[in-house]
Amino acid sequence: MIGELTQQKEVSRRVEGYWYLVGKHLKKHKLAMFSMFLLGMIVLLCVFGPYFTRYTMNEMGNATTDVLQAPSSRHWFGTDELGRDVFTRVLLGGRISLLVGFSSVFSALLVGIIVGAYAGYYGGILDTVLMRFTDIMFSIPVLPLLVVLSSVIPGAGVWKIVLIIALFGWMTDARIIRGLFLSLRESEFTEAARAIGVSNTGIIWRHLLPNALAPIIVSATLGVGGNIIYEAALSYLGFGVMPPTPSWGNILQNAQYAMTIAPWLVWTPGLAILITAIGFNFLGDGLRDAMDPRLYR
Amino acid sequence: MKKNEILVDVKNLQTYFFTDDGVVKAVDGMDLRIGRGEVVALVGESGCGKSVASLSIMRLIDKPGKIIGGELLFKGEDLLKKTEEEMRKIRGSEIAMIFQEPMTSLNPVYTIGNQISEAITLHQKIHATEAKKRTIEMLYLVGIPEPERRFSQYPHEMSGGMRQRVMIAMALSSNPELLISDEATTALDVTIQAQILDLMRGLQKKLGMAILIITHNLAVVAEMANTINIAYAGKIVESASAREIFKSPRHPYTYGLLQSIPKFTEKRTNEPLPAIDGMVPSPYHMPKGCRFNPRCPFATEKCREEEPEIVELTPGHLTRCFHPIES
Amino acid sequence: MATRLVEVQNLKKWFPIKGGVFSTTVASVRAVDEVSFFIDHGETLSLVGESGSGKTTTGRTILKLLQPTGGKIIYKGKDITKLTPNQMRPLRRNMQIMFQDPYGSLNPRMPVGDIIQEPLDVHSIGTRKERRQAVATMMETVGLLPEYERRYPHEFSGGQRQRIGVARALIINPELLVLDEPISALDVSIQSQIINLLQELQQRLNLTYLFIAHDLAVVRHMSDRVAVMYLGKIVETADNDELFDHPLHPYTQALLSAVPVPDPDVKRERIILQGDVPSPVNPPSGCHFRTRCPYAMPICKEQEPAMIEVAPGHTAACHLLTRK
């Protein structure tokens, strides 16, 4: 009897891992796929584009002829008040904005995961303390505080902005992760792991976290879009990335006065922000559907 | 059975599900007959199509499922030809259904009395007070103690067994001719199950309705059913009187199933159970030929190539097999 | 006693219900309410009961997956009741559990090979190569093709997942295996396959089983001894044949009579119990079963019946028996 191998269920040729299934479901979401493609293009453009443009970031053209030119074949996005090529500046600005977006999300996520996982898994006093702290952070109005912090903390680096945005971005993730961990820790495979003798740390990082990936990834994707807008807002208000380093926000800031006479200075970075943020939103939505827990079965 | 004694006559029912991963032929040519006042069982394991069949009879199949073929004759009329409006008049009044999980079939925010009364007034033109009276009668009929008090209770205040009684009360409130019980006792404890089965038997004798019992538990239907249909992978593989099924099963699957169940009434031996090899086939990859052939100890080349048709071996005993077991 | 693998004395597991402004304990769910039994080396003891009986909680508590509220658990002569999780860890090599739910008990994000290997990793048994070999051997032993070890649980059927579960439990060679309704969630035709597998594994690997179930036909087939539980208490314990042929406790009698049998000729004398199972938060005073017992007497309300040995190996707790 034993060793007599029973008939196998029809297992498909390829290892149907989780990511394979996610990819399969995601492909059906046309909007998400398109967004992914679009965002990929934008990232590529921003990262590599500036090496190929004719102009550099600060190259100022002739003071009379090249200033405030409308978009043309020579300057695809026109020029600004200093004769600089807007297209190049927007691409470079994109580098910064995307960098800020991604790294702030990543850092916020790291904090959020640690807080949420340990609060949700251990419960009790740790949970209460961590969650009250999270609540306090939540009730602080973000933008005004970002402005205040930005002006108070010395330095003008991009990393300062990343830090500040991350400081206020981890709470939602923490709550989501905590909720997930609260339910996951009751699942039978967690009990099975305990029965084997797996330590708490092992359970949190090897067993529960991989199962909590879905909302983390969705939150991260949506977060990038949101944080890019935060950065733009900060920079626009003059508290974010400082010139001459371009970012979409501070390009906008410079362009305020020029709205009527040189509208391209406003809508080029504006559109860039809009498209990128919407793109991440659609992608995030698509991922959320594709990573539905029904994939467990 | 005389013509006017046949209540339900399902002929060649085909219900397919059109999913992204392929077509699932959940019910693939099922025939079923229920006479007036008869208790008929539809027995099978997961994937056999029994629940889909009952939902098909009630025309409760939704996308991606579709009834693509067959006839569903109820009192001589084809239900497949009826409009949704007409079906709604039939559901709950002429054909009623009870399910496995009463907690999910009952609305948690309304009292049970309210829900039963609603079911009554939906199909009968009577006053609210009259409906309430009838509701309390029904609660009493299904053996719920203190029915007047229970009328105002909520589902969560009652136990599983009680809730199932409430479901039965609701189902029987309009005196249906057919009651479909879809795994109604599966989630109940053994002693509660015994209570409910006892109740159903009593009510059946009293009210004379036909019952279609859908279950995976052969033992449960041994005492209740007149006719038993065994389903496998979307088809009926054997159909006979309860006695015949248990005493002389002709299809290898039925036979194998009965052999493999541990015998409660026999002393323990140390012999392994004669189990059926293999697994229920995946609905996306049905085997060629007879659907049971990969697991059948008597399968021949013919079984692997051709699909057997249903054949009447002795009067009233039908089997779908090229080599039925000798009785 | 040298042959006793596990001895449980007056085990209690109460779950507090918190309420009020300060979250004090207002009541308790008395899931396991002073339960005593033992399990001999190599035998199969079944714990049967319906929902609310406490059998599942008992199984978990013996393995210290839940902390006992009271009583003693003695494993191979050693009192493990008060051991901390860290102290329990090395003991976990000896006592394992197999779960009911083939869909929830396996981590959906781990390949099954890793799932089966994990106990070896946790207890640092063997080299990496040896562990991989052990996994392959174990998979074959339980009837799975070893080349599927990179697959994920959702690619397998219910019966196959239970095989994975048992492989995981047995790969570190435990002595005791608690089986928590291992076949209830499976199709009927698969149940017998798994029953056969479990019995053969027990023979081959010299295992002791605590079999928790509600299906009495399966229990009759598999057990050496049976303990019947009701509302947190054991009401009767006896050898297999003895229990099924001569049930003494009214609950056992009702339970056995309620089991449906696949034979239309067998006319059953059904003892239909009235009413529902009372809440374990507020069990009836005296004998917990008295509210549904057809033979309840006044004393049943006042005094809890003691467990007495009516015949060798056959114990039951009922006032009817003490009258004799």
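This is a predicted model: local features need pLDDT of at least 70, side-chain atom pairs count only at pLDDT 80 or more; totals for chains, interfaces and linings use all residues.
View 1. Helix α9 of chain C spans residues 250–258, and its buried residues are Pro250(C), Tyr251(C), Thr252(C), Ala254(C), Leu255(C) and Ala258(C).

**View 2. Contact between chains B and C.** Here 36 residues of chain B meet 35 residues of chain C. On the chain B side, two or more residues each come from α7 (160–172), α8 (190–207), α9 (218–224), α10 (242–247) and α11 (252–260). This side of chain B comprises 20 nonpolar, 8 polar and 8 charged residues.

**View 3. The largest nonpolar core.** This core contains 191 residues, and Leu178(B), Val221(B), Leu210(C) and Val228(C) have the most contacts inside it. Helix α7(B) is its greatest contributor, with 8 residues. Beyond its neighbours within four places in sequence, Leu178(B) is in contact with Leu7(B), Val8(B), Ile34(B), Ile95(B), Met209(B), Ala210(B) and Leu212(B).

**View 4. A second, separate core.** Among the 63 residues of this core are Val115(A), Trp170(A), Val224(A) and Trp248(A).

**View 5. Chain A, with 11 helices and 0 strands.** From the N terminus, the order of elements in chain A is α-α-α-α-α-α-α-α-α-α-α. Chain A has 297 residues, of which 40% are buried. Of the contacts in chain A between residues at least 6 apart in sequence, 71% link residues at least 24 apart.

Terms used
Residues are numbered from 1 along each chain as its sequence is written. Chains are lettered from A and ligands numbered from 1 in the order in which they are written. Helices (H or I, at least four residues) and strands (E, at least two) are DSSP runs, numbered from the N terminus. A residue is buried if 20 or more other C-beta atoms lie within 10 Å of its own, exposed if 12 or fewer, and partly exposed in between; C-beta atoms are placed from the backbone. Two residues are in contact if their C-beta atoms, placed from the backbone, lie within 7 Å. Ala, Val, Leu, Ile, Met, Phe, Trp, Tyr, Cys and Pro count as nonpolar, Asp, Glu, Lys and Arg as charged, and the others, Gly among them, as polar. A nonpolar core is a set of buried Ala, Val, Leu, Ile, Met, Phe, Trp, Tyr and Cys residues joined through C-beta atoms within 7 Å.
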